[in-house]
There are 2 protein chains.
Amino acid sequence: MPPTPPTERRRRPSGRITLQDVAREAEVSPITASRALRGERGVAAELVARVKAAAARLGYVPDPAARALASARGTQVPVLVPLLSNALFVDVIEAVHRVLLPHGLQPLIGVTHYDPMEEEQLLRSYLAQRPAGVLLTGFDRTEAARQLVAASGIPCVYLMELTDAPGVHCVGFSQQDAGHAITQHLIERGRRRIAFIAAQLDPRVLQRAEGYRRCLRAAGLYDARLELLSPQPSSMRLGGELLEDLLRTRPEVDAVFFCNDDLAQGGLLAALRLGVAVPQRIAVAGFNDLSGSDQMLPPLTTVRTPRRAIGEVGAGMLLSLLRDEPLARSSADLGFELVVRGSS
Amino acid sequence: MPPTPPTERRRRPSGRITLQDVAREAEVSPITASRALRGERGVAAELVARVKAAAARLGYVPDPAARALASARGTQVPVLVPLLSNALFVDVIEAVHRVLLPHGLQPLIGVTHYDPMEEEQLLRSYLAQRPAGVLLTGFDRTEAARQLVAASGIPCVYLMELTDAPGVHCVGFSQQDAGHAITQHLIERGRRRIAFIAAQLDPRVLQRAEGYRRCLRAAGLYDARLELLSPQPSSMRLGGELLEDLLRTRPEVDAVFFCNDDLAQGGLLAALRLGVAVPQRIAVAGFNDLSGSDQMLPPLTTVRTPRRAIGEVGAGMLLSLLRDEPLARSSADLGFELVVRGSS
DNA sequence: CTGAAAGCGCTTACAG
DNA sequence: CTGAAAGCGCTTACAG
């Protein structure tokens, strides 16, 4: 007897296996197949099993475009970050991918270059695609962007910063407290003339600056002339240059808090080059605990920030929102950790 | 007289502005509007102008899902890279975004973690979405993955490596020649016992190794005992550890070619820590010219690789493919550049 | 050069 | 708990 396929498998012109094919194979209607596959409750267990088996047998892959068109919402999740060249955000993004992909959600990376206008543009075009949800960095955006998000009704989780505003879902840590903590550490090490060197000057850097000021003021040690703020993008080179500037113009300085590890690493290397002893002559601290900071000479004291966890928890929160699950908390403070190494 | 809108703007239940609305506003049929907006030739210039004006006035944003469903192909462009934590690929990705987004194409970042199986999985799910095109890293993949790409008929451009295989579109540079060139440089600096330290051992690293061997063999200087290959992921820490190993077990070494700058930076810092003079005692060279290499002590000699250009040219090539434009070349060799600094 | 018809593959109400 | 009908917003042939 010649072998016959379990059922007649007619392929449509496109060659694609559709929900119809699955339904036919399982001998149910397409709607039931759709419901079974999506795990909608209220389908007889036996039918669910039959449909799932049929789908597996045929190698059915749902068409996201058709789903997006038919339902109110697609499977994309725009993730807007300032920069990809900052390892910080790459870590966040990797974590987001890891959580979202297994749930059939597709992260869409958008880069704003720290420009609220650019973010607004991106948001406009992404929201027009009716994404499932949105992940945004921080709270600093144009009024129009805020409106767009609100009007869309699309679930949104904010990363990196925290707020108490009701109904706002966010996951991060207190940038200000972290800036305070590392400054406090330098004071406890006996430092008195503590400088702050920063670049980029995005909102989170300014929050760290605020923590630095609050701490030094409380200790009666604040001196505005020890703040070196550059709007240029952060880099090791710039860190070295700014440290040189500082040592020349404020020779009395005995510690430096760099707002980011790349600046601090550059500072450490410049100190080495100039023969400035760290931590004897000046103590050095960074922020974020980026790759390489533990390899410096001396190893860099810094603040370890929970960026992977931010991505994971943020994506998880969005997932709950999409499922209308009750949230344990709408604002997740993931904290930070002081990492004391040889440079302070 | 009360103000009246230019035409009656009835919104559909979804609230969305559709092609229909634009067509009505421009007083043409939806098909003509569609053609005008997509810049399909064969539409009267006047109508095109009218449609575009109407679209702008209404703030029309086309629905990618509907477009994808109706046409054979969507607007997504999966970009598969091994790792996001390697700055190399982040640069490639940023360049790809810059080129693709203005053309209405949406890059989808996929991370394979150097695992062909993982790549195959990603490919399977991405191709089921009928993307407009695909960007893949290198040529090392499973047979099934190869088949998937071929069977899909979806335009594909390969990044980072080159091949002469007909009909294959690729953009990169010769990893082997680059490995050869930096080794040659070390020979020309008078070095005779040149080691190779590598991690990750992905296909491109192995190609660089081949260039290193070819060069040393030609000079009669090859010594297999000077190769240190570790399958671990690349990092500064590992670079330092491997250099220490090397100095202990092969004290006769007088130069090291690290397969990547992060390893080399770690090596340089380890040398500093150990009091090993660079370049007097050993010359050090890296690969890729990553951020920070110019800040090292001494600054790192390396090979600058054209990763931004690879992203740009690769995306541009895909764009041409999508438009059925004739390609100037199907294989673009973007070359590399020796950057000689203090470490050699 | 322009348009009327049909359909892409799925899901949302609406019935039973 | 299951299904027949209609439609999401666009584009692809097919006519004229």
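Analyst: Helices and strands here are DSSP runs, helices of at least four residues and strands of at least two, numbered from the N terminus. The model is predicted. With that numbering, Pro279(B) is placed in the loop between helix 11 (261-274) and strand 9 (283-285) of chain B.

User: Which kind of peptide bond runs from Val278(B) to Pro279(B)?

Analyst: Most peptide bonds are trans. The bond from Val278(B) to Pro279(B) is cis, with omega near 10 degrees. In chain A, a cis peptide bond joins Val278(A) and Pro279(A), with omega of about 10 degrees. Pro279(A) belongs to the loop between helix 11 (261-274) and strand 9 (283-285) of chain A.

User: What is the phi of His113(A), and what is that of Arg130(A)?

Analyst: Most residues other than glycine have a negative phi. His113(A), not a glycine, has a positive phi of about 55 degrees, and it is found in the loop between strand 2 (106-111) and helix 6 (116-127) of chain A. Arg130(A) also has a positive phi, near 45 degrees; it lies in the loop between helix 6 and strand 3 (134-137) of chain A.

User: Why does Arg130(A) count as buried, and why does His113(A) count as partly exposed?

Analyst: Buried means under 20% relative accessible area, and partly exposed lies between that and the 50% limit for exposed. Arg130(A) counts as buried because its relative accessibility is 16%. His113(A) counts as partly exposed because its value is 42%.

User: Which strands pair with strand 5 of chain B, and are its faces covered or open?

Analyst: Strand 4 (residues 156-160) of chain B pairs with strand 5 of chain B in the parallel sense over four bridges. Strand 11 (residues 331-333) of chain B pairs with strand 5 in the parallel sense over three bridges. Val171(B) stands opposite Leu159(B) and has Ala332(B) as its bridge partner in strand 11. In a regular strand the side chains alternate between the two faces of the sheet. In strand 5 (residues 169-172) of chain B, both faces are covered: His169(B) and Val171(B) on one side and Cys170(B) and Gly172(B) on the other are all buried.

Conventions. Residues are numbered from 1 along each chain as its sequence is written. Chains are lettered from A and ligands numbered from 1 in the order in which they are written. This is a predicted model: local features need pLDDT of at least 70, side-chain atom pairs count only at pLDDT 80 or more; totals for chains, interfaces and linings use all residues. Side-chain values use heavy atoms; hydrogens and water are left out. Buried means under 20% relative accessible area, exposed over 50%, partly exposed in between (1.4 Å probe, protein chains only). Two strands pair if DSSP finds at least two bridges between them.
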